[in-house]
Amino acid sequence: MRLVLDTDVLVAALRSDRGASRQLLIGALDREIELLVSVPLMLEYEAVLTRSEHLEASGLTAAQVNEVLDALARILTPCI
């Protein structure tokens, strides 16, 4: 399965360990799902996920969010 995840899906995945959004993120990291991404979308992921309100709600630091994004960047399929 090939998907493009909207930013709100990743926000939900990091803010809650329950639900479909987290399952999609785990599936992507486990390479069960192929995620497609463009450079602008990856920049949007970073800009939104490191906002203070999302960091506070998720209990993560900006460095931890960047680790997740780095892990995703290693497995994402780039698209134009």
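**Exercise 1.** Is R2 buried or exposed, and what is its relative accessible area?

*Solution.* The model is a predicted one, in which local features need pLDDT of at least 70 and side-chain atom pairs count only at pLDDT 80 or more, while totals for chains, interfaces and linings use all residues. Residues are numbered from 1 along each chain as its sequence is written, and side-chain values use heavy atoms, with hydrogens and water left out. The cut-offs for relative accessible area are under 20% for buried, over 50% for exposed and in between for partly exposed (1.4 Å probe, protein chains only). R2 has a relative accessible area of 56% and is therefore exposed.

**Exercise 2.** Find the salt bridge that joins E34 to R2, and state which strands it ties together.

*Solution.* A salt bridge requires a side-chain nitrogen of Lys or Arg within 4 Å of a carboxyl oxygen of Asp or Glu. E34 belongs to strand β2 and R2 to strand β1 (residues 2-3), so the bridge ties together parts that are 32 residues apart in sequence; strands here are DSSP runs of E with at least two residues, and helices are runs of H or I with at least four, numbered from the N terminus. E34 itself, at 29% relative accessibility, is partly exposed.

**Exercise 3.** Which residues does L35 contact beyond its neighbours within four places in sequence?

*Solution.* Taking contact as heavy atoms within 4.5 Å, one finds L3, L5, A28, L72, L76 and T77 around L35.
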